[in-house]
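Subject: Structure handover

Hi,

Here is the structure I promised to pass on. Please open it first, then read my notes below.

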Amino acid sequence: MADESEATGIDNSNDKDLAANVENLSLANQKVEKQEAKKIDIVLHATGSAPILKQKKWSVDQEKPISAIVKFIHKYLKLDPEERLFLYINQTFAPSPDQIIKNLYECYGTNGKLILHYAKTQAWG
């Protein structure tokens, strides 16, 4: 290889460095895209007598179960441990606690968001 560059008078080491830098940049961009893709925007709406959240839109890890959202709302609203909280999708049904947010988003997400309604008493379904 060294003989080839001497014969042509062209130094290929800069090309190799440039190719390596482009590859590293591409890998870095893929990592950033993957990190951003791991979050799903959810919108939380109060229903019935449930307290209203000051912030309604949240970015949530897509691999979390829906029970994590229920726990988060329960803690955020400072509800008593014995108070129940019901979560609904599309104002129609309550997902099982072990449902993954990503799956629910793929089926029921609209406009890049998953809209959830929460209530302290059973409202729908």
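How many aromatic pairs does the structure hold? There are four. Keep in mind that this is a predicted model. I describe two of the pairs here, then move on to the rest of the chain.

Aromatic rings

Take Trp58 and Tyr76 first. Their ring centres lie 5.5 Å apart and their planes meet at 80°, so this pair is edge-to-face. Trp58 belongs to strand S2 and Tyr76 to helix H3, so the contact ties together parts 18 residues apart in sequence. Trp58 counts as buried, because its relative accessibility is 17% and the cut-off for buried is under 20%. Tyr76 is partly exposed at 34%.

Tyr76 also pairs with Phe72. That pair is tilted, with 5.6 Å from centre to centre and 35° between the planes. Phe72 and Tyr76 both sit in helix H3, four residues apart, so about one helical turn separates them. Phe72 is partly exposed, with 32% relative accessibility. Through these ring pairs, Trp58, Phe72 and Tyr76 join into a cluster.

Overall layout

The protein chain has four helices and four strands. Read from the N terminus, the order of elements is α-α-β-β-α-β-α-β. The chain counts 125 residues, and 23% of them are buried. Its accessible surface is about 8800 Å², with 51% of that belonging to carbon and sulfur atoms. Now look at contacts between residues at least 6 apart in sequence: 63% of these join residues at least 24 apart.

The sheet

Which order do the strands take in the sheet? It is S2-S1-S4-S3, in an open sheet with mixed pairing. Strands S2 (57–61) and S3 (86–89) are the edges, each pairing on one side only. From one strand to the next, the twist averages 40°.

Strand S1 (residues 39–46) and strand S4 (residues 113–119) run parallel, joined by six bridges. Asp41 has Lys113 of S4 as its bridge partner, and Val43 has Ile115 of S4. S1 and S2 run antiparallel, and five bridges join them. There, Ile42 stands opposite Trp58 of S2. That is the Trp58 of the ring cluster.

Helix H4 (residues 101–108) lies across S1, S2, S3 and S4, and runs at about 110° to S4.

Salt bridges

How many salt bridges does a search of the whole structure find? The search gives two.

One joins Lys57 to Asp41, with the closest N and O atoms 3.8 Å apart. If you apply your own cut-off, note that the one used here is 4 Å. Lys57 lies in strand S2 and Asp41 in strand S1, so the pair links distant parts of the chain, 16 residues apart. Both ends are partly exposed: Lys57 at 46% relative accessibility, Asp41 at 24%. Asp41 is also the residue whose bridge partner in S4 is Lys113.

The other joins the side chains of Glu83 and Lys120, at 2.8 Å from N to O. Glu83 is in the loop between H3 and S3, while Lys120 is in the segment after S4, so this pair ties together parts 37 residues apart in sequence. Glu83 is partly exposed, with a relative accessible area of 25%. Lys120 is partly exposed too, at 27%.

Backbone

Two residues have a backbone angle to look at. Gln91 is not a glycine, yet its phi is positive, near 55°. Gln91 sits in the loop between S3 and H4. Its relative accessible area is 39%, so Gln91 is partly exposed.

Asn111 also has a positive phi, near 55°, in a residue other than glycine. Its place is the loop between H4 and S4. Buried or exposed? Asn111 is exposed, because its relative accessible area is 76% and the cut-off for exposed is over 50%.

Over to you.

Best wishes

Definitions and conventions: Residues are numbered from 1 along each chain as its sequence is written. This is a predicted model: local features need pLDDT of at least 70, side-chain atom pairs count only at pLDDT 80 or more; totals for chains, interfaces and linings use all residues. Side-chain values use heavy atoms; hydrogens and water are left out. Two strands pair if DSSP finds at least two bridges between them. Axes are lines fitted to C-alpha atoms, for helices over the stretch in contact, and angles run from 0 to 180 degrees between N-to-C directions. Contact means heavy atoms within 4.5 Å. Buried means under 20% relative accessible area, exposed over 50%, partly exposed in between (1.4 Å probe, protein chains only). Accessible areas come from the Shrake-Rupley method with a 1.4 Å probe; for residues, only the protein chains shown count as cover. Rings of Phe, Tyr and Trp (its six-membered ring) pair if their centres lie within 6.5 Å; planes under 30 degrees apart count as stacked, over 60 as edge-to-face and the rest as tilted.
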